[in-house]
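User: I'd like to learn how to read the packing in a protein model. Could you walk me through it?

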Amino acid sequence: MTGIAFEDFLPGTVIAGGPITATRDELVAFAAEFDPQPFHLDEAAAEATFVGHLIGSGWQSAGFGMRLLQKDVFRGATSMGSPGVMQLRWLRPVVPGDTLRITVKVESCRASNTKPDRGFVRFAMTLLNGRDEAVMSQAFSVMFPRRDAAPLPPRAVDLSDPVPITEGSDAERLLFLKDAVIGAPRDLGRHVFTAEDITAFARAYDPQSFHLDAEAARTSHFGALCASGWHTAAVWMKRLHITRQRDIALTAASGPVPQLGPSPGFRDLRWLAPVYAGDTLRYTCALTEKRQSTSRPGWGVATHHNEAVNQHGTKVFEFTGSVFWQWELAH
């Protein structure tokens, strides 16, 4: 076989990658599609927010990290995908003009106990800006093929035809975090992953062959073209905002709307099953913990658990995140 393999990684090795430059147009375009918060979209609007100036979406920072990972750690080749991210922290915002690079340490290497054609490599990655400040840290695992092992046959995939989706009209009143109810799941609605959208996202952030080329994907262990895990995650953010806009309209009709701030990060993100072209995912979000911030008066930190299931009822994605949320109405 050619390309990158499990045997190419040794524990303790440190690999550098980059740089790339995050332009204002790129930051705003991603935000407009996936994360349309005022501090990601417009300088003037950002001044009135928790952040105070224009910054990039944290999910896009993860995409920048993936772009550099594929280019410089995978050496432009294709892995066998990732089972998930143990922890990701957004340490500083990415701002227009930032030059980004990565340092990646190989933490451990483990052959699969059940599939002899692959192994797992655990990495610790730091994304840095041009001022050598860490903007994101990430602990995660990636599967790679074993160089001398015969590959297992591709999985059999029964692709679904995309179905039209009618956007929901339901709305719930948004509460300040002090009064928010723990445990109540919010249905964020559905999203269809088309082949065109899958390949467009992959070209920008995760250019591995099984995200870019249907024929190459068919002969890979995935068995068909599938979405980047970061695409699946970015669409969660997209669905959250679409649903929240209905909730904001309902809330604003009778009183003040609590603001959300940025997220410090997340943990236990798991990509449980591939998302194929034509799949329809339904996303949900549930508040699991809340606490008042000691460093930001008037604000709190909310912990939320999120899931997505496909049209067959199979859970394909989940993670536990956190976000700054107005604690109570300012007096």
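Predicted model: local features only at pLDDT ≥ 70, side-chain atom pairs only at ≥ 80, totals over all residues.

User: Let's begin with the core. Which residues of the largest nonpolar core touch the most other members?

Analyst: The general idea is that in soluble globular proteins, nonpolar side chains tend to be buried together. Here the largest nonpolar core has 67 residues, and those touching the most other members are Trp59, Phe123, Trp230, Trp236 and Phe317. Apart from it lies another core, of eight residues, including Leu177 and Trp325.

User: What is Phe123 in contact with, leaving aside its neighbours within four places in sequence?

Analyst: Its partners include Phe9, Val73, Phe140 and Phe144, along with Lys105, Glu107 and Gln138.

User: Now a charged residue. Is Arg118 buried or exposed?

Analyst: Arg118 has a relative accessible area of 6%. Since buried means under 20%, Arg118 counts as buried. This arginine is found in strand β4, residues 118-128. Not counting residues up to four places away in sequence, Arg118 touches Met80, Met143, Phe144, Arg146 and His221, among others.

User: And how should I read two helices packed together?

Analyst: Two packed helices are described by the angle between their axes and the distance between the axes. Take helix α1 (residues 24-34) and helix α4 (residues 58-73): their axes come within 10 Å and cross at roughly 120 degrees. That angle makes α1 oblique to α4. The crossing of α1 past α4 is right-handed.

User: Which residues of α1 meet α4?

Analyst: Glu26, Leu27 and Phe30 in α1 do, and on the α4 side they meet Trp59, Gln60, Phe64 and Arg67.

User: How does α1 sit against α8?

Analyst: The axes of α1 and helix α8 (residues 229-252) come within 8 Å and cross at roughly 65 degrees. Phe30, Glu33 and Phe34 in α1 meet α8 residues, among them His231, Val235, Met237 and Lys238. The contact of α1 with α8 divides into five nonpolar, two polar and two charged residues. Where is Gly65 found, and how far is Gly65 from Lys115 in space?

Analyst: Gly65 is found in helix α4 and is buried, with a relative accessible area of 0%. Gly65 and Lys115 are 50 residues apart in sequence, and their C-alpha atoms are 28 Å apart in space.

Notes:
Residues numbered from 1 in each chain as written. Heavy atoms only, no water. Core = buried A, V, L, I, M, F, W, Y, C linked by side-chain atoms within 4.5 Å. Buried < 20%, exposed > 50% of the residue type's maximum accessible area, 1.4 Å probe, protein only. Contact = heavy atoms within 4.5 Å. Helix = DSSP H or I, 4+ residues; strand = E, 2+ residues; numbered from the N terminus. Axes fitted to C-alpha atoms, helices over the stretch in contact; angles between N-to-C directions. Parallel < 35°, antiparallel > 145°, perpendicular 65-115°, else oblique. Left-handed = near helix turned anticlockwise from the far one by under 90°. Nonpolar A, V, L, I, M, F, W, Y, C, P; charged D, E, K, R; others polar.
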